[in-house]
Every structure is written in C-alpha cells, then in structure tokens.
Amino acid sequence: MTDVGLPPGQCEVDDFPRFGLRQFANRFPTQIDEISLKIIGDVEAPITVSTEFGRLARVEQVSGFHCVTTWSRHSLRWGGVQFSEFYRRIVIPEARPAPGATFVVLRCQDGYAASLPLEDLLASDVLLADRLNGEALSLAHGAPLRLVAPARYGYKNAKHLRAIEFRRDASHYRSSVFPFRFMDHPRARVVLEERGRAVPGWLLRYLYRPLVRPTIRQFRAALDRHVNAKRRDFPVD
Ligand SMILES: Nc1nc2c(c(=O)[nH]1)N[C@H]1C(S)=C(S)[C@@H](COP(=O)(O)O)O[C@H]1N2
Ligand SMILES: [Mo]
C-alpha cells in the first residue's frame with residue numbers, strides 16, 4: 001500500500017498519538033499481556049479465543065492511519081492475523097454464527113465499542129493486530145489486540161479488544177459510545193470522507209479539527225498518570 005497523497009481533508013502528523021473520544025482518556029485495559037477474545041451474539045456456541053490465535057497464519061502490513069478529526073499517520077507496520085482468516089478458521093467452525101449474522105460489534109476492555117458490516121471486515125487489509133513496528137502492541141496503541149482497518153476512520157479501529165459480537169439484526173443497535181448519532185457512520189470509508197452520518201464530511205473537518213491538540217494532550221497526560229501510578233504500586237527497585 002502506498003501512502004502517496006493524503007485522503008480528503010486530512011493533515012499529516014509525524015508521531016502516532018494515543019487518541020480517542022475524550023471520555024476514554026482515563027480508561028485502561030486490565031488484561032494486556034494475553035489475548036482473551038470472546039465471540040458472542042447470534043452464534044450457536046459462544047467461545048473465548050486465547051492461545052488458538054497464535055496458530056493462525058500471520059501477516060505484516062504497512063498502512064496509514066486516518067483519524068476522523070483530520071490527523072493522519074503514514075507507514076505503520078502492523079503484525080497480526082487477517083480478520084478474514086480469523087473468521088474462517090475460528091469463528092465459523094467453532095462459534096458457528098447464525099445465518100445472516102452479518103452486523104459486527106467490536107467491544108473493548110475500556111468500554112469502547114465500534115461496529116462494521118461483516119463484509120467490510122473481510123477485506124484483505126483488515127487485521128486483528130498484536131504487533132506494531134516490530135514490537136508487541138503497547139498499552140497506548142491497543143494491547144493486547146486491536147482491529148486495524150486502514151481504509152476506515154480511526155474510530156472503527158477498536159483497541160484492547162474484549163469481544164466480537166455477531167448480530168442478525170442491526171436495526172436496534174445504538175452505539176453507547178458516541179454522544180451524538182451523527183458521529184458514527186456505519187462504514188466510515190476514508191476515501192469517501194464518510195466521517196459521520198447525515199452531516200457532510202467536509203463540514204465535520206472544521207468541527208473536529210480544533211479538538212486534535214487538546215485531545216492528544218489529554219490522552220498523553222492520562223497515560224503518564226496511569227503508568228506512574230502503576231510504578232508506585234509495584235516499585236521496581
Ligand atoms: N478501545 C478503544 N479503541 C479506540 C478508541 C478508544 O478510545 N478506545 N479510540 C478510537 C479512535 S477515535 C482512534 S483515532 C483510534 C486511535 O488509535 P491510537 O490511540 O492507537 O492512535 O483508536 C480508536 N479505537
Ligand atoms: Mo479518532
């Protein structure tokens with residue numbers, strides 16, 4: 001994948017900040033060392049996937065990352081398993097989703113959640129990633145496992161995955177994460193500037209852009225506090 005040319009309305013940043021909705025800045029996962037991923041919803045047999053993940057075919061992918069608030073980061077090297085591989089090798093044979101269970105909710109340890117149609121998750125560039133730039137995924141960027149969907153805005157790239165829910169009926173689903181419904185586009189395709197629903201993408205650029213700096217500062221300070229508090233609990237010397 002090339003990173004030539006930014007998608008519409010995006011600006012390049014040099015680093016890769018920890019980021020999200022501000023109410024999640026101070027929430028952290030409790031289980032970061034081992035993968036424990038539940039498959040739930042309209043499935044015949046709900047399961048928890050842990051060590052089996054290590055037996056799936058692994059891939060590396062270099063891709064850009066595009067936050068809906070207009071910052072983009074190029075050339076991140078992710079390591080993990082294609083979502084389609086995970087779906088075919090584990091979800092179908094072991095959890096046995098109901099026919100038509102094609103609406104998927106990704107649930108996270110910090111209470112965050114994101115949804116996408118199954119078809120979109122089966123695209124070849126969508127990964128369940130446990131590595132970034134040659135290292136285990138950090139606390140900042142989604143340990144122990146996150147979704148990477150580079151063609152979708154950042155808010156679909158759920159971190160600290162806890163459960164994947166397959167549903168037959170999307171009509172009653174209402175995100176509990178976004179304060180306003182317009183903020184959650186069902187597909188969030190970056191090239192089409194699907195930043196939100198009902199509101200034009202170009203308009204949201206101007207609404208969201210002023211949030212970038214204060215949000216990065218808040219997320220960085222919250223992570224520093226969290227790491228320092230843990231050091232006090234478990235002194236190293
Ligand atoms: N669990 C969880 N996943 C999340 C978020 C979050 O707050 N919690 N924020 C989303 C948003 S809005 C963005 S832009 C990306 C940021 O990913 P990063 O922190 O690795 O840069 O994570 C997405 N996934
Ligand atoms: Mo974002």
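A polar contact is a pair of N or O atoms within 3.5 Å; within protein, one atom must be able to donate a hydrogen and the other to accept it. I wrote that down before opening the structure, which is a predicted model.

**Entry 1: His185**

I started with His185 and asked where it lies. I found His185 in the loop between strand E11 (161–167) and helix H3 (201–208). The side chain of His185 reaches the backbone nitrogen of Ala188 at 3.0 Å, which is within the 3.5 Å cut-off.

Is His185 buried or exposed? I read a relative accessible area of 13% for His185. Buried means under 20%, so I noted His185 as buried. I also listed its contacts, leaving out residues up to four places away in sequence: His185 touches Tyr155, Lys156, Glu194, Arg195, Gly196 and Arg197.

**Entry 2: strand E11**

Six of the seven residues of E11 are buried, so the strand is largely enclosed by the rest of the structure.

Which strands pair with E11? I noted two. Strand E2 (residues 37–41) pairs with E11 in the parallel sense, over four bridges. In that pairing I saw Lys38 opposite Ala163 of E11. Strand E6 (residues 103–108) runs antiparallel to E11 and is joined to it by six bridges. Here Cys108 stands opposite Leu161 of E11.

**Entry 3: Ala222**

I looked up Ala222 and found it in helix H4 (residues 212–233). Its relative accessible area is 2%, so I put Ala222 down as buried. Beyond its neighbours within four places in sequence, Ala222 is in contact with Arg18, Ala25, Asn26 and Phe28. I also checked Ala222 against Ala140, which is 82 residues apart from it along the chain. Their C-alpha atoms are separated by 10 Å.

**Entry 4: ligand 1**

Last, I went to ligand 1. I counted 21 residues around it, of which Pro17, Asp110, His141, Arg146 and Lys159 come nearest.

For Phe19, a backbone N or O atom lies 2.9 Å from an oxygen atom of the ligand. I then checked the cover: the protein covers 98% of the 530 Å² of accessible area that ligand 1 has on its own.

Conventions
Residues are numbered from 1 along each chain as its sequence is written. Chains are lettered from A and ligands numbered from 1 in the order in which they are written. This is a predicted model: local features need pLDDT of at least 70, side-chain atom pairs count only at pLDDT 80 or more; totals for chains, interfaces and linings use all residues. Side-chain values use heavy atoms; hydrogens and water are left out. Helices (H or I, at least four residues) and strands (E, at least two) are DSSP runs, numbered from the N terminus. Buried means under 20% relative accessible area, exposed over 50%, partly exposed in between (1.4 Å probe, protein chains only). Contact means heavy atoms within 4.5 Å. Two strands pair if DSSP finds at least two bridges between them. A residue is near a molecule or strand if one of its heavy atoms lies within 4 Å of it. Accessible areas come from the Shrake-Rupley method with a 1.4 Å probe; for residues, only the protein chains shown count as cover.
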